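Colleague: I would like a walk through this model. Please start with the terms, then take my questions one by one.

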Amino acid sequence: MKKKIPTNLITGFLGSGKTTAILHLLKHKPEDETWAVLVNEFGEVGIDGALLQGSSARNDVVVREVPGGCMCCVAGLPMQIGLNMLIARSKPDRLLIEPTGLGHPQEIINTLQGDYYQEILSLEASICLLDPRNLEDDRYLENDNFRDQIHLADVLVANKTDLSCEDDRKRFEQFAKQLPEPHPVTAWVKQGELSVEWLDLPHSDRVAINPKAHHAHKSPQQDKTTEPVELKLPEGQLFLRKENKGQNHFSCGWLFSESASFSFDRLFSLIHAQTAQRLKAVAKTDQGVRGFNMQDGVVSIIEMEESPDSRLEIISSSPMDWDHFESQLQQTIIYQPAA
């Protein structure tokens, strides 16, 4: 590589709006540049990658995902394999890395600054998004990963401000002032409207509060030294279900046959009725391909250009009756391939 690739981490806890923010950045990137995105998810079926690929279907954006666990773990093999292939195949002008919201970014930073990548990548500003309403919730304030994502950020962005109040803004400003120096650049935005200019800000070697706090469940893929195997449905099967757990959270995801189609209204009603911490989906519906994003009972809809299949993932802080949900989910299907 003649020139180091500018590289940015886009971090934030579950529901902070990382994927929406990356989509915004991709829409405003320089037209003559090719950008690559490496995205990691706690769940096994890969929703964020599908959302990014389906919403930005273009030749100058390349997306690769590392599902099923956390690429922040010390071994980091899935991350390194995915990253190496992404760089080799796309030769990007910029690289964005989105770790899982349950992950700790310290190990990713260590890897990117290690001997192997120091002549290839130029680590620039790490951007952390947070929902300012969470700054009055001890469940977040006492979570080591939540706090360290913030402490390692060069740019700290209060997102979803259209849902916040003036007290939330004052709380965010006071919180940011108490962070150790060098203080991060702070911003107050809505709907993930990050400035592309922030990506060029320098990376500072900030110190995590508890860099060893993260010890997430690792999927079987993370013990392999080969490329993670892409999920595929057995022939004639309508869907595949995959579960994961770790960091006091539980996930269950479904990958559906490319021929399956859903009733938009039924699927929306089912998603809206859920009380889980997080739900995302990409689905072929009778109204076209749609992305669904549910957080705190609010469902956002993303119109997508394409998707090869349909998939849905739930993340919950407590065990759920996945069988019951699965039976409800099947009732939203209006067409399925013959057995």
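Modeller: Work on a 1 Å grid over the protein atoms alone: a pocket is an open set of points with protein on both sides within 12 Å along at least five of seven lines, whereas a cavity is a set where a 1.4 Å probe fits but cannot get out; lining residues have an atom within 4 Å of a point. Points are joined across faces, edges and corners, and a volume is the space filled by probe spheres set on them. The model is predicted, so local features need pLDDT of at least 70 and side-chain atom pairs pLDDT 80 or more, while totals for chains, interfaces and linings use all residues. Residues are numbered from 1 along each chain as its sequence is written, and side-chain values use heavy atoms, without hydrogens or water.

Colleague: How many helices and strands are there in the protein?

Modeller: Both are DSSP runs, numbered from the N terminus: helices are H or I with at least four residues, strands are E with at least two. The count for this protein is 9 helices and 16 strands.

Colleague: What share of the residues counts as buried?

Modeller: Buried means under 20% relative accessible area, exposed means over 50%, and partly exposed lies in between, with a 1.4 Å probe and protein chains only. The protein has 339 residues. The buried share is 57%.

Colleague: Among contacts between residues at least 6 apart in sequence, what share joins residues at least 24 apart?

Modeller: A contact means heavy atoms within 4.5 Å. Among the contacts you ask about, the share is 77%.

Colleague: Which residues lie nearest the centre of the second largest pocket?

Modeller: This pocket has a volume of about 660 Å³. Its lining holds 24 residues. Those nearest the centre are Thr 20, Gln 191, Gly 192, Asn 293 and Ser 300.

Colleague: Which element gives the most to the lining of the second largest pocket?

Modeller: H1, S13 and strand S14 (298-303) each give two or more residues to that lining. With 5 residues, the top contributor is S14.

Colleague: How do the residues of that pocket lining divide by class?

Modeller: Nonpolar covers Ala, Val, Leu, Ile, Met, Phe, Trp, Tyr, Cys and Pro; charged covers Asp, Glu, Lys and Arg; the others, Gly among them, are polar. For the second largest pocket the division is 5 nonpolar, 11 polar and 8 charged.

Colleague: Which elements each supply at least two residues of the lining of the largest cavity?

Modeller: By class, the lining has 6 nonpolar, 10 polar and 7 charged residues. The elements that supply at least two each are helix H1 (18-27), helix H2 (47-55), strand S12 (278-285) and strand S15 (310-316).

Colleague: How much space lies in the second largest cavity?

Modeller: Its lining includes Phe 13, Leu 14, Tyr 140, Gln 295 and Asp 296. By class the lining has 5 nonpolar, 4 polar and 3 charged residues. The space comes to about 60 Å³.

Colleague: Why is S12 largely enclosed by the rest of the structure?

Modeller: S12 is largely enclosed because of its buried residues. They number 7 of 8.

Colleague: What is the bridge partner of Lys 280 in S15?

Modeller: Two strands pair if DSSP finds at least two bridges between them. S12 and S15 run antiparallel, joined by 5 bridges. The partner of Lys 280 is Glu 313.

Colleague: Which residue in S13 stands opposite Ala 283?

Modeller: S12 pairs with strand S13 (residues 288-295) over 7 antiparallel bridges. A hairpin of 2 residues joins them. Val 282 stands opposite Gly 291, and opposite Ala 283 is Arg 290.

Colleague: Which residue in the turn between S13 and S14 has a positive phi?

Modeller: S13 and S14 pair antiparallel over 6 bridges, with Gln 295 bridged to Val 298. Their hairpin has 2 residues between the strands. The one with a positive phi, about 55°, is Asp 296.

Colleague: Is Phe 264 buried or exposed?

Modeller: Phe 264 sits in helix H8 (residues 264-272). Its contacts, beyond four places in sequence, include Thr 285, Arg 290, Phe 292 and Ile 301. At a relative accessible area of 12%, Phe 264 is buried.
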